[in-house]
Amino acid sequence: MDTTVISVTIGQAPPPRLDKALSRDVPADASLSRTRLARLIADGCVALNGAVVTDAKAKVSEGDVLDITVPVASESHIGPEPIPLDIVYEDDDLIVVDKPAGMVVHPAPGTPTGTLVNALLHHCGDTLSGVGGEKRPGVVHRIDKDTTGLLVVAKTDRAHHGLAAQFEAHSAERAYLAVVHGMPDTGDPRLRGTRGVSVEPGAVIRITTQLARHKTDRQKQAVLFNGGRHAVTRAKVLEGFGTPPALALVECRLETGRTHQIRVHMAHAGHGLVGDQTYGGRRKLSAKALSDAAREAVAGFPRQALHAAILGFEHPATGETLRFESPIPADMGRLLAQLRA
């Protein structure tokens with residue numbers, strides 16, 4: 001196996017542990033995350049003053065020389081495919097993509113090809129320095145196949161680690177636009193009485209539950225209040241449609257990012273997304289509230305009306321604050337135009 005050796009001289013006042021000192025002093029352009037370094041130590045790929053050391057807690061001192069033998073990143077088992085991408089931003093560390101409806105993010109048994117990862121492998125080519133020792137893009141977060149909008153993907157191990165830490169700490173900004181059934185009203189006793197729902201200043205609806213796989217339908221997620229994973233969504237109505245209002249455009253902001261979180265939470269609150277067949281987003285609309293054309297547009301909308309519109313985070317290498325906005329996709333734009341007509 002081809003390898004490269006990186007030599008690191010420990011600087012002044014180092015942390016006492018090998019792994020922490022190495023993480024501090026390894027050159028940034030090596031693109032080695034703390035997790036990757038820990039794995040290299042455990043695999044016997046680090047020598048301290050010429051002697052291999054596998055104990056991450058080994059003591060180091062100023063002036064010690066550490067040689068890290070890094071295997072060249074192996075080729076991914078996933079094949080590159082020349083699929084067009086809407087690239088919003090790209091540099092040596094990461095890439096931000098505006099994903100279309102119908103594209104799966106990562107290959108799975110049911111969709112082994114045609115995914116965002118296949119497209120990125122082709123687009124990035126040799127610019128991928130490797131994530132976890134493999135030449136592949138580092139997927140930090142995902143959006144559903146039929147949800148459109150912004151995703152950030154790491155091109156280096158360092159970027160993957162830094163971005164993952166931000167998403168884990170809930171410090172990344174993520175805002176979605178959704179068209180939902182009904183008009184979420186913070187003064188509605190039914191909504192206020194729904195378990196897990198509370199109201200925050202600014203007419204913001206906070207939905208706090210646990211989420212886990214559905215017991216009988218493994219393709220779905222279910223709301224729980226014991227067990228599962230903590231999930232928080234904040235929703236604010238931007239616009240209502242119909243007289244009386246039968247639908248609403250809602251901005252949903254994620255504190256956590258669980259599978260199907262917005263779709264499950266809005267359905268739990270009684271306001272399922274238009275077009276969401278999985279979570280009951282198809283309802284009969286009153287002819288008195290909406291025009292025939294508007295009702296036809298809603299009935300014929302082929303996917304959940306959900307778009308990842310805003311994505312913000314701190315660049316894991318430069319520390320710069322990056323924020324991106326994606327316009328409403330064409331199909332949702334046509335739907336909103338009919339609702340406003």
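## Starting point

Contact here means heavy atoms within 4.5 Å. Helices (H or I, at least four residues) and strands (E, at least two) are DSSP runs, numbered from the N terminus.

The model is a predicted one, so local features need pLDDT of at least 70 and side-chain atom pairs count only at pLDDT 80 or more, while totals for chains, interfaces and linings use all residues. Residues are numbered from 1 along each chain as its sequence is written, and side-chain values use heavy atoms, with hydrogens and water left out.

Let's take helix H8, residues 330–340. Its buried residues (buried means under 20% relative accessible area with a 1.4 Å probe, protein chains only) are Asp-331, Met-332, Leu-335, Leu-336 and Leu-339. Look down the axis of H8 and these residues fall within an arc of 135 degrees, so they line one face of the helix. That arc is taken from the directions from the helix axis to the C-beta atoms.

What do the buried residues of H8 pack against? Their partners are strands E11, E15, E16 and E17, plus helix H7 (292–299). Over on the other side of H8, Ala-330 and Arg-334 are exposed, where exposed means over 50%.

## The nonpolar cores

A nonpolar core is a set of buried Ala, Val, Leu, Ile, Met, Phe, Trp, Tyr and Cys residues joined through side-chain atoms within 4.5 Å. The largest one has 33 residues, and Leu-116, Tyr-176, Val-180, Ile-262, Met-266 and Leu-273 touch the most other members. Elements that each supply at least two residues include helix H3 (116–124), strand E11 (173–181) and helix H6 (261–268). H3 gives the largest share, five residues.

There's also a second, separate core of 21 residues, with Val-179, Ala-294, Val-298 and Ala-305 among them.

Most residues other than glycine have a negative phi, and most peptide bonds are trans. Now for some exceptions. Asn-49 isn't a glycine, yet its phi is positive, about 50 degrees. You'll find Asn-49 in the loop between strand E2 (46–48) and strand E3 (51–52). At 49% relative accessibility, Asn-49 is partly exposed, the class in between buried and exposed.

His-170 has a positive phi too, about 65 degrees, and sits in the loop between helix H4 (157–168) and E11. With a relative accessible area of 36%, His-170 is partly exposed.

Finally, Thr-243 and Pro-244 are joined by a cis peptide bond, with omega about -5 degrees. Pro-244 lies in the loop between strand E15 (229–241) and E16.
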